[in-house]
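Trainee: I'd like to learn how to read helix packing, cavities and pockets in a model. Could you walk me through this one?

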Amino acid sequence: MSHTRTLAAFLARLSYADLPQAVVARTEDLFLDWLGSALASQGAHPIPLFERYAATMGPAHGPATLLVNGQGTSAYFAALVNGASSHLVEQDDLHNSSVLHPATVVFPAVLAAAQDLGKSGAELLLAAVAGYEAGIRIGEFLGRSHYRIFHTTATVGTLAAAVAVGKLMGFDEERFINLLGTAGTQAAGLWEFLRDAADSKQLHTAKAAADGLLAAYLTRDGLTGARNILEGEQGMAAGMSSDAQPQCLSDRLGSRWALLETSFKFHASCRHTHPAADALQALMQRERLQHQQIARVVTRVHQGAIDVLGRVTVPQSVHQAKFSMGTVLGLIAVHGKAGLPEFQQLALTDPAVSEFRGKVLMQLDAEVDGAYPRRWLGRVEVHTTDGRVLHGAIDSPKGDPDNTLSRAELEDKFRRLLAFADQLNGDQAGVLIARVWGLRDALDLKGLMENIHEQ
């Protein structure tokens, strides 16, 4: 367990003063992006089911905020509902090489705990960085084989959320060891739900955030956990991976800030569709093509894309449509966008999109697969109705670290997310943006959503 202990020691000694300003600023960016995703899910199935469960099983009032309705509850139920709501519209962040959506598990847990414990904005940012740095490395450690069966954001997300709350509580090395054990033994989440258009994806992130928080609170009070949950003979790697790389757990801790490698989502779909979507869009603009001129599109993809997207043939729900390569490319080709309004209004009902979906084929490509997961390359081959064969290539999809969203673009995305939910107006969005940009100076987080729903 040498690499696990090295990771735990790093987490214990990490201080706010250790964080480069670029890391602090990026964490604020990621927080705003996450907050927009959570608020965009207001009223959308299945989030009201989680709200109803929290109202039935949780307290009527509490220090932590349910973002979708502004009500107070316990930290546990806030983490649960906010974890579900921020993973519905498929606009939350992704880290490429770990194939982990860190924000949707780290921020629900750490915000709920910070509100419960009266922690400052700076303390929240430090804790979030710890959660990102640990979660990303654990995802890389478990490897590609893990992701083929397990939803990494559910499994690894439980540990990432736990680490973030543990850091908020000031855990030492020994407590981090126990915390990883208690979080790791709860880690679960299987991809089978995609075949049925089931709602499990939101349950995955809800439980990861809440169970990570649970693990931290119990560890604080003395609960012990397996001391070698990651590398042990009957630990996570032994049961959930065939290509685990223990050295990833301690990779350049303190010099490589993995959080800075996180990508923002531009299209409102599974990230595996983005490289091909960007490549097709660029090709159509370059060649001045209309969708009627396209007879066939071959997307050259990595195996992970086939494993996830290949389960969806004819989507039965808007959410399942976001995991359909043909539907996403159909929206891009026909309407020029694959945003939330396009999915909501056109993905399942527009005959032109449905027709285009049938023209799209995914094909495993050695170059693309070899670069994955560190780089997500976009390669498309377009066959036109007049017999031409055209090629499009994108090496850095929009939102990747070297093709990132500026703060102005993040603010615009945030406003579009809130407008989609039709719950908060432009003035309310402006207040929230200002509060997030001032996060590092906030004395506490209890007022983050204060008066927002009443404005």
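Mentor: Happy to! Let's begin with handedness: a crossing is left-handed if the near helix is turned anticlockwise from the far one by less than a right angle, and right-handed if clockwise. Keep in mind that this is a predicted model. In our case, H7 passes H8 in a right-handed crossing.

Trainee: At what angle do helix H7 and helix H8 pack, and how far apart are their axes?

Mentor: The angle is taken between N-to-C directions and can run from 0 to 180 degrees. Helix H7, residues 152–168, and helix H8, residues 173–184, pack at about 145°, and their axes are 9 Å apart.

Trainee: Which residues make the contact between H7 and H8?

Mentor: From H7 come Thr158, Leu159, Ala162, Val163, Gly166 and Lys167, while H8 brings Phe176, Leu179, Leu180, Ala183 and Gly184. Sorted by class, the residues of this contact are 7 nonpolar, 3 polar and 1 charged.

Trainee: What is the handedness of the crossing of H5 and H6?

Mentor: The crossing of H5 and H6 is right-handed. Helix H5 covers residues 103–117 and helix H6 covers residues 121–149; their packing angle is about 145°, with the axes 10 Å apart. On the H5 side the contact is made by Ala103, Val106, Phe107, Val110, Leu111 and Ala114, and on the H6 side by Leu124, Ala127, Ala128, Gly131 and Tyr132. The class count for H5 with H6 is 10 nonpolar, 1 polar and no charged residues.

Trainee: Let's zoom out. How many helices and strands are in the chain, and how compact is it?

Mentor: The chain has 19 helices and 8 strands. Its radius of gyration is 21 Å, close to the 23 Å that the globule rule gives for 455 residues, so the chain is as compact as a globular protein of that length. For the extents, the C-alpha trace spans about 70 × 55 × 40 Å along its principal axes.

Trainee: What lines the second largest cavity?

Mentor: Residues lining the second largest cavity include His272, Pro275, Thr299, Arg300, Met325 and Arg379. Helix H11 (274–287), strand E5 (294–301) and strand E7 (378–384) are the elements that give two or more residues to this lining, and E5 gives the largest share, 3 residues. The volume of the second largest cavity is about 60 Å³, and its lining comprises 5 nonpolar, 4 polar and 2 charged residues.

Trainee: And the largest pocket: how much space lies in it, and which residues lie nearest its centre?

Mentor: Unlike a cavity, a pocket is an open set of points. About 390 Å³ of space lies in the largest pocket. Of the 24 residues lining this pocket, Ala44, His45, Leu88, Val318 and His319 lie nearest its centre. Helix H13 (318–321), helix H15 (340–346) and helix H18 (407–421) each supply at least two residues of the lining. By class, the pocket lining has 15 nonpolar, 7 polar and 2 charged residues.

Terms used:
Residues are numbered from 1 along each chain as its sequence is written. This is a predicted model: local features need pLDDT of at least 70, side-chain atom pairs count only at pLDDT 80 or more; totals for chains, interfaces and linings use all residues. Side-chain values use heavy atoms; hydrogens and water are left out. Helices (H or I, at least four residues) and strands (E, at least two) are DSSP runs, numbered from the N terminus. Contact means heavy atoms within 4.5 Å. Ala, Val, Leu, Ile, Met, Phe, Trp, Tyr, Cys and Pro count as nonpolar, Asp, Glu, Lys and Arg as charged, and the others, Gly among them, as polar. On a 1 Å grid over the protein atoms alone, a cavity is a set of points where a 1.4 Å probe fits but cannot get out, and a pocket is an open set with protein on both sides within 12 Å along at least five of seven lines; lining residues have an atom within 4 Å of a point. Grid points are joined across faces, edges and corners, and a volume is the space filled by probe spheres set on the points. The radius of gyration is taken over C-alpha atoms; the globule rule is 2.2 Å times the number of residues to the power 0.38.
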